[in-house]
Amino acid sequence: MIPALMPTYNRADLAFERGEGAWLWTDDGRRFLDFGSGIATSSLGHGHPHLTRVIAEQAAKVMHVSNLYRVKQAEELAARHVAASFADSVFFCNSGAEANEGMTKAVRKFHAEEGRPERFRMICFEGAFHGRTLTMLSATGNAKYLAGFGPPVEGFDHVPFGNMNAVRAAIGPQTAGIMIEPVQGEGGVRPAELRFLRELRDVCDEFGLLLALDEVQSGMGRSGRLWAHQWAEIEPDVMSAAKGIGGGFPLGAVLAKEKVARHLKPGTHGTTYGGSPLACAAGNAVLDVILAPGFLEGVDRVARHLWRGMLSLAERHPRVAEGAQGAGLLLGLKLRPEVTNTEMQAACVAEGLLTVAAGMNVLRVAPPLIITEAEADQALEMLDRACRRMTPSLAQVAAK
Ligand SMILES: *Cc1c(COP(=O)(O)O)cnc(C)c1O
């Protein structure tokens, strides 16, 4: 018989009862170091005193009023995001896919309103992940995810990640913009070269295209800067955010330059839950922590420490790992083909460490941004033991 909870996921047989910082406890009392953060989302870890207090207090006052009225928490959160980024205006929604839908609508509307309605296509990249709505499945372009859901939505062209010649060749009279993750998360924790991001900015300027960044996973401090594109010293025209911006509370956002945002007039876009007092109070509490003096420098420091540890781990276990890749606290251990990331993930669980599998047989490590170097070291020891767990089985394979 089908489970009451629809079986759309392959779940590990673990149920967590409570968390504190980077640690989670199961209902049967086992403790795990959470280096997955609920897929790069619980950016402040679990039970963060400031975030949980703000949420509890706001929930008791008023949670939801709809966008028929002013929402002071949303006005404040938008103003703070504008002050801290390239953007002039922010739209709030509830998830990453929804933010990318809004971003794509903003790009299409921009060209339509500027007298070029024929420009609606987006150039996207192989290995991308933009979400699970019908349109974002087409932007993602992964045949496995599209199968069985009818014809893909028109308007997305895919080229190899990092290939500038392919980008130029794909630009046509209908091209409206380029959509890219500065660090591909689900696709295998692959950072775009900073030079490639700069070249995308240039080619957008050359052809009058909009640069649309999907920073749902790479953003909100995870790279060690507030937004990953800041490392390339470029500005997008429009950007999506979600995952970490609510610290675990559902919150998404489209951040845009004025030239884009001004075309999204009343009635052009909306969402019932978006930008509620509760979600935006959570968003403000997350910003309080992440924008506090020295916080992002601390993320950068612990990230470099973890990065060195991951490189050395890969060197010490050449039969398990081919190398390490990623940016900031979004790191991946690229595994050898003989070791699958799901096996390695299970070996980590056996050592008390939570990680997330990613594409291209990568084990993704995305801890909360509040981890200490001591916790990074603990995770590295668990990863080391997990690698050793994987090694004897390889010896057995070789012996057969
Ligand atoms: C997770 C993710 C999404 C989708 O976000 P949802 O909240 O699951 O809809 C989109 N883009 C990127 C880069 C992501 O990592």
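Guide: The chain has 13 helices and 17 strands, helices (H or I, at least four residues) and strands (E, at least two) being DSSP runs numbered from the N terminus. Its radius of gyration is 21 Å, close to the 21 Å that the globule rule gives for 400 residues, so the chain is as compact as a globular protein of that length; the radius is taken over C-alpha atoms, and the rule is 2.2 Å times the number of residues to the power 0.38. This is a predicted model, in which local features need pLDDT of at least 70 and side-chain atom pairs count only at pLDDT 80 or more, while totals for chains, interfaces and linings use all residues. Residues are numbered from 1 along each chain as its sequence is written, and side-chain values use heavy atoms, with hydrogens and water left out.

The domain assignment gives domain 1 (16–34 + 293–399) and domain 2 (50–290), with bounds that come from an automatic or database assignment. The contact between them (heavy atoms within 4.5 Å) takes 22 residues from domain 1 and 20 residues from domain 2. Together they bury about 1,600 Å², 63% of it on carbon and sulfur atoms, where buried area is the accessible area (1.4 Å probe) that two parts lose on being put together, summed over both. Of the area that domain 1 buries against domain 2, Leu296, Leu330 and Arg364 supply 35%, more than any other three residues.

Arg364 also forms a salt bridge with Glu186, their closest N and O atoms being 2.8 Å apart; such a bridge is a side-chain nitrogen of Lys or Arg within 4 Å of a carboxyl oxygen of Asp or Glu. The count of salt bridges between the two domains is one. On the side of domain 1 that touches domain 2, the elements giving two or more residues are helix H11 (295–316) and strands S13 (321–327), S14 (330–335) and S17 (362–365), and H11 brings the largest share, five residues.
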